[in-house]
Amino acid sequence: MMAKTNNVLCSSCGKRVATYYRLTSGEKLCRLCLFNSVAKQVRRTSHYYKMFRKNEKVIFAIRGDDIALSLESFFVLNNAMKDFDLEYKILCPNNLIDCRIVEEEARKHVKNGLEIYEVNYPVDIISKSIVYMVKYIDAYAAKIALENHVEYVVSLLFRDEISMILMLGLLLISKTVFGEGMPIKYVENVKIVRPFYNVLSHDILYLAYSSQEILKMDNSTNSVKVNVDGYIKKAYSILTRSPELMYSSSKSIEMLQSFIISKPSRCHLCGSFSDENVCEYCKVFAHIIRG
Ligand SMILES: [Zn+2]
Ligand SMILES: [Zn+2]
């Protein structure tokens, strides 16, 4: 991904030296042009799916597995949606990160309305698998949103991860795993949105780990290692070697999805599709959410 580009100029601005080789397009980009391009993808996705309305309150849930990835994503989102004047509440796991540092850094980017909700993520649950992690954080964020009259939750999931989850859902014939491949979910009147639906995690990881701000913060974090099973590892290595496959497989699975799940009922906790009120994943941690 990060090939040496030997002083080749950025193919976008033509002024700065390119430092990043972008897998999906073959472009060689400088950090700033990569940032702007990713922000544009996020803006386009959120407009396309009508994810946000102006001046609304939004909970941005930090993931437990790679906090640098979460924070860089927050900066990208904030930049992409700046004309929407969203009021951000950051859900920050204080058992994994020093939330004061998150607040300090976020305040440099966000003018007003920023709040930090300090919470605790149960490491035993979010380390089980990416599906558990996503469902736990979404369910927990949705509960906090309901309690605080916040209408939106940003669920951080990237195109490469979504492709994997869709395939896993097919393989397991699991409606509720399959349902995590959607750009928007609902828990009552809370809208859980995925503005990074078309963004590759590699692009954000490069931005995160080439950022002075993030590197400074990363010393104070204690990310959780999430289990990845053998199937996922294989699927992932195939997908990242062929970005076309990643996009085309997702397209066909999405079509299939609308066939299979014509009249969806939803899990009351994570908001994904489920025949039962609480899906088989959320059952494992329902007692924590309902506390
Ligand atoms: Zn450039
Ligand atoms: Zn669920």
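Some ground rules before going on. This is a predicted model, where local features need pLDDT of at least 70, side-chain atom pairs count only at pLDDT 80 or more, and totals for chains, interfaces and linings use all residues. Residues are numbered from 1 along each chain as its sequence is written, while chains are lettered from A and ligands numbered from 1 in the order in which they are written.

Now the overall picture. The protein has twelve helices and eight strands. Both are DSSP runs, numbered from the N terminus: helices are H or I with at least four residues, strands are E with at least two. Of the 291 residues, 45% are buried. Buried means that 20 or more other C-beta atoms lie within 10 Å of the residue's own; exposed means 12 or fewer; partly exposed is in between; and the C-beta atoms are placed from the backbone. Next, contacts. Two residues are in contact if their C-beta atoms, placed from the backbone, lie within 7 Å. Take the contacts between residues at least 6 apart in sequence: 72% of them join residues at least 24 apart.

Back to H1. Its buried residues are Cys 33, Leu 34, Phe 35, Val 38, Gln 41, Val 42, Thr 45 and Ser 46. What covers them? The cover includes strand E1 (20–21), strand E2 (28–29), helix H2 (67–80) and helix H8 (201–209). Remember the general rule: an α-helix has 3.6 residues a turn, so residues three or four places apart point the same way.

Just after H1 comes Lys 50, with a positive phi of about 45°. Lys 50 is not a glycine. It sits in the loop between H1 and strand E3 (57–61). Lys 50 counts as exposed because 10 other C-beta atoms lie within 10 Å.

A second residue of this kind is Glu 188. Its phi is near 50°, again positive in a residue other than glycine. Glu 188 is in the loop between strand E7 (184–187) and strand E8 (190–193). It has 11 C-beta neighbours inside 10 Å, so it counts as exposed.

On to the core. A nonpolar core is a set of buried Ala, Val, Leu, Ile, Met, Phe, Trp, Tyr and Cys residues joined through C-beta atoms within 7 Å. The largest one has 88 residues. Those with the most contacts inside it are Ile 59, Phe 60, Ala 61, Ala 141, Val 153 and Val 154. Which helix gives the largest share of this core? H5 does, with twelve residues.

Look at Phe 60. Leaving aside neighbours within four places in sequence, Phe 60 is in contact with Phe 74, Tyr 88, Ile 90, Leu 91 and Val 154. Leu 71, in helix H2, is buried, because it has 27 C-beta neighbours inside 10 Å. The C-alpha atoms of Leu 71 and Ala 61 are 9.9 Å apart, and the two residues are ten apart along the chain.

Now H5 itself. It is mostly covered: 14 of its 18 residues are buried. Those 18 residues should span 26 Å at 1.5 Å a residue, and the end C-alpha atoms are 26 Å apart, so that agrees. His 149 follows H5, with a positive phi near 55°.

H5 (residues 130–147) packs against helix H12 (residues 282–290) at an angle of about 30°, with the axes 10 Å apart. The axes are lines fitted to C-alpha atoms, for helices over the stretch in contact, and angles run from 0 to 180 degrees between N-to-C directions. From H5, the contact uses Lys 135, Tyr 136, Ala 139, Tyr 140 and Lys 143; from H12, Cys 282, Phe 285 and Ile 289. By class, that is six nonpolar, no polar and two charged residues. Here Ala, Val, Leu, Ile, Met, Phe, Trp, Tyr, Cys and Pro count as nonpolar, Asp, Glu, Lys and Arg as charged, and the others, Gly among them, as polar.

Arg 241 is in helix H10 (residues 230–241). Its C-alpha atom is 9.7 Å from that of Thr 24, 217 residues away along the chain. Arg 241 is exposed, because it has 10 C-beta neighbours inside 10 Å.

Technical notes: The expected span of a helix is 1.5 Å times one less than its number of residues.
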